[in-house]
Amino acid sequence: MSETTWMKTEASPVAATAIRFPWRLYTATFLIASMWIHASENFRYLLFVRPMLQESLSMVPDVAPMNLAVFVSWGIWDTVLSAMTVLTYWLYAQVFGPSVRSAVVAGTISWLSSFVFFWHAFANLNLATVADLIVEPSLSWVELVVASLIARWCFGSSVLARLVGERRAHRGV
């Protein structure tokens with residue numbers, strides 16, 4: 001894979017430094033965060049989402065089924081969600097630094113751009129109960145903030161950077 005660089009402007013518009021995207025570290029971080037997101041999504045679906053949907057949408061035949069096609073679809077969703085969340089953290093941390101605050105804000109941005117749109121549409125269609133709108137968005141927010149905190153730890157880990165062959169730990173980003 002070729003090296004990708006971006007220019008980051010410093011104090012003067014003339015002075016710029018190249019930012020190298022850490023592909024190997026990103027991939028390792030994505031895989032680690034993905035384990036968390038897959039586990040969290042399945043936990044949330046089986047213990048909260050499925051029973052709540054079956055109750056609130058009981059008039060829909062075979063609502064919230066459990067079969068291979070559904071789990072493959074959710075597996076793809078979880079993978080895309082993981083990739084997006086880790087990338088959002090990395091991009092945010094490039095500008096604002098690798099702090100816990102950056103992880104919380106990046107996780108919140110990922111949450112807003114994925115789950116909030118869904119639950120807003122669900123509520124607008126009059127398909128969500130109050131419990132759906134309190135429990136689900138809250139749990140999904142925690143899920144993505146934790147994923148961003150995992151990304152912060154992974155990008156800042158010199159051990160992980162060495163393990164995957166990155167030149168340095170990129171100051172947490």
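In this predicted model, 14 aromatic pairs were counted, where rings of Phe, Tyr and Trp (its six-membered ring) pair if their centres lie within 6.5 Å, with planes under 30 degrees apart taken as stacked, over 60 as edge-to-face and the rest as tilted. One of these pairs joins F43 and F48, whose ring centres are 6.1 Å apart with 70° between the planes, an edge-to-face arrangement. F43 is partly exposed at 48% relative accessibility, and F48 is also partly exposed, at 28% (buried means under 20% relative accessible area, exposed over 50%, and partly exposed in between, with a 1.4 Å probe and protein chains only).

F118 and W119 form an edge-to-face pair, with centres 5.0 Å apart and planes at 85°. F118 is partly exposed, at 44% relative accessible area, whereas W119 is buried, at 7%. Ring pairs also link F21, W23, Y26, F30 and W90 into a cluster.

W77 lies in helix 2, residues 68-96; helices (H or I, at least four residues) are DSSP runs numbered from the N terminus. W77 is partly exposed, with 29% relative accessibility. Apart from neighbours within four places in sequence, W77 is in contact (heavy atoms within 4.5 Å) with E41, S114 and F115. The C-alpha atoms of W77 and H38 are 9.3 Å apart, and the two residues are separated by 39 residues in sequence.

Residues are numbered from 1 along each chain as its sequence is written, and side-chain values use heavy atoms, with hydrogens and water left out. As the model is predicted, local features need pLDDT of at least 70 and side-chain atom pairs count only at pLDDT 80 or more, while totals for chains, interfaces and linings use all residues.

Conventions: Helices (H or I, at least four residues) and strands (E, at least two) are DSSP runs, numbered from the N terminus.
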